[in-house]
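Keep the structure in view while reading.

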Amino acid sequence: MMHGTKKSHSSIVPAKLANKAEKSVAESAEGDDGTKRNAVLQSTIRTQGREAVSQAQDRIREAVNRNTKEKQTALLHHVNVDVLRWAFFNLKKQAAPGVDGLTWVDYAADLDRNLTDLHARVHSGAYRALPSRRKYIPKADGKQRPLGIAALEDKIVQAAVVALLTPIYEAEFLGFSYGFRPGRNQHDALDALAYGINARKINWVLDADIARFFDTLSREWLIRFIEHRIGDRRIIRLIQKWLNAGVLEEDQLIETTEGTPQGSVVSPLLANVYLHYVYDLWAEQWRSRHAKGDMIIVRYADDQIVGFQHRSDAERFLSDLKERLAAFALSLHPDKTRLIEFGRYAAERRAGRGQGKPETFDFLGLTHYCSTGTNGAGFQLGRQTQRKRMRAKLREIKEKLRLRRQLPIDEQGKYLGAVIRGHFAYFAVPTNTRLLSTFRYRISIMWFQSLRRRSQRHRLTWERMCRLIARFLPSPRVLHPWPDQRFRVTHSR
């Protein structure tokens, strides 16, 4: 570890927003029409950016389709000012700044000049990546997860490069990979897993956790994997700049030699590329060559679930997987990797051996368990909110509610209603109604206690509180279809 200061770079510092009091007479006379014209202009600029990216992706896709094995050697010329502008407008406006201290609004104040200068530096080789600013966020288990917050210009260039690399790798990635890919999300992965467990002969589930994946992946191997498809050395040098930029933590520059900063714009794609070569292609080959029975694979980023018909297949796969990962600087977490009996016959077989209920496993925030249908007959995969996730979310809401205690009741109610709707949007799956109700009830009690603490002479009764709850907090209801229904629609074949 070495002490260091902020790295200097040649980017143009954007002009500060003009003081409202110094607006010209003409600007003042514009009034709402001026605002409308600005909105129309910004919309037009965004449309131009989208068209530029779409055209670039189409040309790259055509080149890939002409020769699926040929390296793409001419990519950087697609990173023009319009593509950079599209990348800028796709960043989060309220995101925390990196070590440069620049916010989205700061950069937008003189956007054309800034993007023109950035474009020139990228193409001349004068562009330099800045260290990521390290920030820690709490995990559901109480531990801290390190995130790397990139400088604004690094985010822009990364987003542009990711947009150009995506059509190349979308032609490569396999069907059971779901994480951070266009047109795919967590519920697609959850649906595929549920459908596989129900439709195939799955009796064993391997819940494999790669230990510190983003921190330990080999950069040397990553670059070699990228070079399989990318022949433009300028793109590869950009990626190397981001990987080697280091991390700034409490004014100390930490030079890293492995891993990729979790949280950066480019990290999800790099992670998928790494695991495509290390895990996906190998697992697909293993299934076709070695599996004696049914086998399903679902991967979302570095989280994967593998289902097997036979225990012998599962044990051999686990042993071979450990060797495979070790060859590429990765390992399985010894405490978080489990092989469990699961599926249609698990409860019956365990009961016959005098054992308890089948174990459960967690995937993408949901606990999966063996259950029966509504009439008590037949196997049904049950899913409910992962309890540690729910506890962590309730702790977060309690703290935010404490900070809002003196706000008007209506504002508090609207905030909590939005929180619950966001929670339901993800977790309102069939078989999870009970924990949805629990989540809403816990927030209701939390809100009631918070309101009563506002004054020692409160007059809030539970009867009145129930009216507030009914008014602001949405009632639990299932928002997602059964997994097999949505999976059959998505994969109609």
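Two strands count as paired if DSSP finds at least two bridges between them. The model described here is predicted.

**The sheet**

By that rule, 4 strands make up an open sheet, and their order across it is S7-S8-S4-S9. The pairing is antiparallel. Strands of a sheet pair through backbone hydrogen bonds, and they can do so in a parallel or an antiparallel way. Which strands stand at the edges of this sheet? They are S7 (295-300) and S9 (338-341). Each has a single partner strand, so one side of S7 and one side of S9 have no neighbour in the sheet. From one strand to the next, the twist averages 15°.

One pairing can be followed down to the residue. Strand S4 (residues 204-209) and S9 are joined in the antiparallel sense over 4 bridges. Leu 206 has Leu 339 in S9 as its bridge partner.

| Helix | Residues | Strands touched | Angle between directions |
|---|---|---|---|
| H6 | 186-199 | S7 and S8 (303-308) | about 165° with S7 |
| H11 | 311-326 | S4, S7, S8 and S9 | about 15° with S4 |

Both H6 and H11 touch S7 and S8.

**Helix H16**

Which residues of helix H16 (residues 462-472) are buried? They are Met 465, Leu 468, Ile 469 and Phe 472. Buried here means that under 20% of the relative accessible area remains. Viewed down the axis of H16, the buried residues fall within an arc of 100°, so they line one face of the helix. That buried set packs against two other helices, H14 (409-427) and H15 (433-452). The other side of H16 carries exposed residues: Glu 463, Arg 467, Ala 470 and Arg 471.

**The chain as a whole**

The protein chain contains 17 helices and 12 strands. Its C-alpha trace spans about 80 × 70 × 50 Å along the principal axes. Of the 493 residues in the chain, 46% are buried. The chain exposes about 25800 Å², and carbon and sulfur atoms supply 48% of that area.

How much of the contact within the chain links residues 24 or more positions apart? Among contacts with a separation of 6 or more, such residues account for 73%.

Definitions and conventions. Residues numbered from 1 in each chain as written. Predicted model: local features only at pLDDT ≥ 70, side-chain atom pairs only at ≥ 80, totals over all residues. Heavy atoms only, no water. Axes fitted to C-alpha atoms, helices over the stretch in contact; angles between N-to-C directions. Contact = heavy atoms within 4.5 Å. Buried < 20%, exposed > 50% of the residue type's maximum accessible area, 1.4 Å probe, protein only. Arc of directions from axis to C-beta. Areas by Shrake-Rupley, 256 points an atom, 1.4 Å probe, with all protein chains shown as cover.
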